[in-house]
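The sequence and structure come first, followed by notes on individual pairs.

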Amino acid sequence: MERGGEKDGSFIFPKDIMFYYELHLHTAETSRCGRSPAADMVKVYCEKGFSGIVITDHFINGNSYANDPAVWDEKMDVYLRGYNAAKTAGEKYGLPVYFGIEYTHLGGNGEDYLLLGLKPEYLYAELRDCDKWSIEYLCDTVHALGGIVIRAHPYREAGYIRHPGIERPGLDIDAIEVFNTGNASDEYNRKALELAMQEGKPWTAGSDTHHVDTTATAYVGFEEKPKDYAELCQFIRDGKAYVIYRPKKAVQ
């Protein structure tokens, strides 16, 4: 995948990119590790000139308040609190807000995937009990529903990741997150970029932000504005996303 343009610090981007999107964002309403309310996040991204954001709160197999209820539908009601609050704020500020999931596949290890392009209502039927699925079946189902699967920070080391760096060659994912500001070391990002190049997968980047102070530090840009969420996902799948990584400064 070719990347050209002006080099600025640790990332490369073309000067004429006009449309920026955050693909990895957590809210205080849903993610236990979230520190800023959804409305505050939306306001900041609007002020920074973004064209849209995707809310990717931790799912019930991760660090989520949605774990608290016992019944599936009630869990999903809690899970959607952050997205719904962000959606309402987006309508107020004029910023498109899309629904996503950060799904932790435990399965004896602990790996994270961003699920994009899905409708929130799928949680109550088509994705019911998906926390118990194999990662292969999850990918197949997400694709059947018109969504995409992005491997998030594949080399991160954390307590719930018992074996960091499992690469899963041949898994039907659509892209790899090669820059993630939440990584404790840029070595994890370097390895993720190498993996994406080795497997010929499109690249994405995400701030993995939990607080307004860490917004817009890693994101994607497009030369053409996607007309809707489905086209945004298609652009990612087609390798049209430029990755932008600014760990020490945000978009002005």
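## Exposure of one arginine

R32 is partly exposed, with a relative accessibility of 31%. Here buried means under 20% relative accessible area, exposed means over 50%, and partly exposed lies in between (1.4 Å probe, protein chains only).

## Basis of the values

The model is predicted: local features need pLDDT of at least 70, side-chain atom pairs count only at pLDDT 80 or more, and totals for chains, interfaces and linings use all residues. Residues are numbered from 1 along each chain as its sequence is written, and side-chain values use heavy atoms, with hydrogens and water left out.

A salt bridge is counted when a side-chain nitrogen of Lys or Arg is within 4 Å of a carboxyl oxygen of Asp or Glu. R32 makes one with D68, with 2.3 Å between the closest N and O atoms. This pair links distant parts of the chain, 36 residues apart: R32 lies in the loop between strand 3 (19-22) and helix 1 (38-47), and D68 in the loop between strand 4 (52-55) and helix 2 (72-79). Helices (H or I, at least four residues) and strands (E, at least two) are DSSP runs, numbered from the N terminus. D68 is exposed, at 52% relative accessible area.

R190 and E194 form a salt bridge, their closest N and O atoms being 2.4 Å apart. Both residues lie in helix 5 (residues 186-199), four residues apart, about one turn of the helix. R190 is partly exposed at 37%, and E194 is partly exposed at 42%.

## Other salt bridges

E231 and K227 also pair, at 3.1 Å from N to O. E231 is buried at 17%, whereas K227 is exposed at 66%. E111, E136 and R168 are linked in a network of salt bridges. The count comes to 12 salt bridges.
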